[in-house]
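Sequence and model are shown first.

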Amino acid sequence: MRRDLADIRLAEYVFAPHYAAPLAMSVAMPAPFRAGPAEDAPMIAMLAVGDLVEALDFAGGQIWGTAPRIGRVGYIAQTALVSLGDID
């Protein structure tokens, strides 16, 4: 969880200084979904090819967002994902 940014769909329920509209992305190669942006951050799950990630922030080669299949937020390498477009 981050205190500086939240999904715009949660604006009615969560206060954050900034909100972002999620960008739908698909996992293109198996990759760890981590609790932090560092390579040694604890792994939440291993995402499989085709899993959906709803990206909210892009920085330092990492994407922070949600993985709906596991119902958590975390970080994944940007190189492991391909864009699907905006989520309505």
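Is R2 buried or exposed, going by relative accessibility? R2 counts as buried, at 18% relative accessibility, because the cut-off for buried is under 20%. The model is predicted, and the count of salt bridges in it comes to five.

**R2 and D57**
- R2 and D57 form a salt bridge through their side chains, with an N to O distance of 2.8 Å.
- R2 belongs to the segment before β1 (5-7) and D57 to strand β6 (residues 52-59), so this pair ties together parts that are 55 residues apart in sequence.
- D57 counts as partly exposed, with a relative accessibility of 24%.

**R69 and D51**
- A salt bridge also links the side chains of R69 and D51, at 2.9 Å from N to O.
- R69 sits in the loop between β7 (62-67) and β8 (72-77), and D51 in the loop between β5 (43-47) and β6, so the bridge ties together parts that are 18 residues apart in sequence.
- R69 counts as exposed at 53% relative accessibility, whereas D51 counts as buried at 11%.

**R9 and D7**
- In the salt bridge between R9 and D7, the closest N and O atoms are 2.6 Å apart.
- R9 is partly exposed, its relative accessible area being 39%.
- D7 counts as buried, with 7% relative accessibility.

Key
Residues numbered from 1 in each chain as written. Predicted model: local features only at pLDDT ≥ 70, side-chain atom pairs only at ≥ 80, totals over all residues. Heavy atoms only, no water. Salt bridge = Lys/Arg side-chain N within 4 Å of Asp/Glu carboxyl O. Helix = DSSP H or I, 4+ residues; strand = E, 2+ residues; numbered from the N terminus. Buried < 20%, exposed > 50% of the residue type's maximum accessible area, 1.4 Å probe, protein only.
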